[in-house]
Amino acid sequence: MKRLLLCFCALTIAGVTVAQNRAVARGADPGELYVTGTWYMIYGPGGPPHYDSIQKALFRLTENGKKLTVQYAASYFYSNPETTVIPSNILADAKPGVVYMKADFSKNSYPYTMLWVSFDYGKYWTFREENIGGRSYHAANVEGVLYRGNYGEVSKSIDYGQHFILMKDISRIGKEAGLNDEEFFYVTGSDPYQYKFWHTNDLYLTCTEISIDSQFIFGSMGGISPDVYRGGLPGEVYIDSWFPDSDSNPNWTYKVSFSADTGQTFRHVYISEPYGSYAESFPAFMTDREPGVFYVIKCDGVEDFDPWGSHLRICVEHYTDYGETLAGIYCHDVTKDYVNDVGIAEMGEVDCVVVYPNPTGGILSVETHNYASLRNIEIFDIFGRNVLSVPVETHGRASLQQQQSTTIIDMSHLPSGMYFVRVATETGTVVRKVVKR
């Protein structure tokens, strides 16, 4: 169902939260991400759960997650939130190097919201404003343009948040700013069969409403609600959501859906392994400015013993071709004494790997150049389980004149579904997604 109507009606639906509070932001340049989180923690003399130190940090990832730098850090315990930026909710401007930090804290028994801006990739910060109550901020795809949302109004800044001008009296602002100025996307609903996708291109003068099939959006898990993200081209949008496996199975599966026609039709581009409701961490999602590129970020705590505590491990899965290709996975152990460096490239790139036909009825051909460095081929299901290993030394057919090989793989015994084919060489690893019919 699709209809056009005034936006203030849509945004008054009960139980809907559309404020944007994210610990991940896309940068102004392709391949650039910002992540906030707990860098490391040190236990007190009494041990857990008491800490002597909790250090929050802003991390900048470049080259699609391959390189990580610690841009800024502050103590969570000993810093005054009114005078010190505590890394929390991050936004990035369309201008390189400009990022915003939104902080929520309490003062005099009232909630407060504070906004800071940095013009040097998050190293130094300038105070912008403080407000009583909750506020949401949204960085537009225009240099220096920032929107502020509040119950009853939307204000706009064209000078990096230094001044805001009231634009409209409406109930709330959307979740994600689009590619065009005054364009927003958002989802509403509180039931898996009542979710709707909304789009405005004129700052809520009119809105398009589209019902979403329950296979693409279900609901909240552990307080994590469905979210929406713009793509790299006009009309492109992604939605992530959690889905329960079954009534008898307490696990949940994280899925990302993609639309190239502003929400008219969706398809899945990412499906995770099952997660328990009480898992220590859950994946985060973010799109790139380059079309077809997105990231799945997974953060975990790693225990330390000298001193006793823990530090953060950040892994970035880099997808291209709208989820068809897992181009690389880069993991960073951000220890207390971390030195900015290139991350551990768990998957890199291989020159010219072709997997065909896709979809396949059972027989799959893997063609790769630079045959001399080819090591092995493995196939994984969507849960990360190795279901087939192919020793290329005995199964490959090489043409040394062309430095090329073709390996034939029989997948006919595997169930129908989605699989990942990992081709490893001495110079790196590439993963291709295939569908078995």
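**Entry 1. The four-strand sheet**

I count two strands as paired if DSSP finds at least two bridges between them. The model I am reading is predicted. I looked up one sheet first. It is open, has four strands and runs in the order E10-E11-E12-E13, with antiparallel pairing. Next I checked its edges. Strand E10 (136-139) and strand E13 (165-168) stand there, and each has a single partner strand, so one side of each is left without a neighbour in the sheet. I also looked up the turn between neighbouring strands of this sheet. On average it is 30 degrees, direction ignored.

Then I went to E10 and its partner. Strand E11 covers residues 146-150, and four bridges join E10 to E11 in an antiparallel run.

**Entry 2. A hairpin**

I moved on to E22. Four bridges join E22 to strand E23 (residues 294-305), and the two run antiparallel. Across this pairing, Thr-287 stands opposite Phe-294 in E23. E22 and E23 form a hairpin, with six residues between them. In the turn I found Gly-292 with a positive phi of about 80 degrees.

**Entry 3. Aromatic rings**

How many aromatic pairs does the structure hold? I noted 32. I followed two of them.

Tyr-238 lies in strand E19 (residues 237-244) and Phe-258 in strand E20 (residues 252-259), so the pair ties together parts that are 20 residues apart in sequence. Are these residues buried or exposed? Tyr-238 is buried, at 1% relative accessible area. Phe-258 is buried too, at 4%.

The second pair is Trp-242 and Tyr-275. Here the centres are 5.6 Å apart and the planes are at 90 degrees, so I logged the pair as edge-to-face. This pair links distant parts of the chain, 33 residues apart. Trp-242 is in strand E19, while Tyr-275 is in the loop between strand E21 (267-271) and strand E22 (284-287). Trp-242 is buried, with a relative accessible area of 2%. Tyr-275 is at 11%, and it counts as buried because the cut-off is under 20%.

Both pairs belong to a cluster linked by ring pairs. Its members include Tyr-229, Tyr-254, Tyr-270, Phe-282 and Phe-285.

**Entry 4. Charges over rings**

I looked for charged side chains above ring faces. Lys-56 lies over the face of Tyr-76, 5.3 Å from the ring centre. Arg-148 lies over the face of Phe-164, at 4.6 Å from the ring centre.

**Entry 5. Asp-181**

Last, I looked up Asp-181. Where is Asp-181 placed? I found it in the loop between strand E14 (176-177) and strand E15 (184-188). Its relative accessibility is 30%, and Asp-181 counts as partly exposed.

I then listed what Asp-181 touches, leaving out residues up to four places away in sequence. The contacts are Ala-140, Val-142, Val-145, Tyr-147, Lys-156 and Asn-201. Val-145 is 36 residues from Asp-181 along the chain, yet their C-alpha atoms are separated by 8.3 Å. Two of the touching residues also make polar contacts through their side chains. The side chains of Asp-181 and Tyr-147 are joined by one of 2.6 Å. Another, of 2.8 Å, runs between the side chains of Asp-181 and Lys-156.

Note on methods. Residues are numbered from 1 along each chain as its sequence is written. This is a predicted model: local features need pLDDT of at least 70, side-chain atom pairs count only at pLDDT 80 or more; totals for chains, interfaces and linings use all residues. Side-chain values use heavy atoms; hydrogens and water are left out. Axes are lines fitted to C-alpha atoms, for helices over the stretch in contact, and angles run from 0 to 180 degrees between N-to-C directions. Rings of Phe, Tyr and Trp (its six-membered ring) pair if their centres lie within 6.5 Å; planes under 30 degrees apart count as stacked, over 60 as edge-to-face and the rest as tilted. Buried means under 20% relative accessible area, exposed over 50%, partly exposed in between (1.4 Å probe, protein chains only). A charge sits over a ring if NZ of Lys or CZ of Arg is within 6 Å of the ring centre and within 35 degrees of the ring normal. Contact means heavy atoms within 4.5 Å. A polar contact is a pair of N or O atoms within 3.5 Å; within protein, one must be able to donate a hydrogen and the other to accept it, and residues adjacent in sequence count only if both atoms are side-chain atoms.
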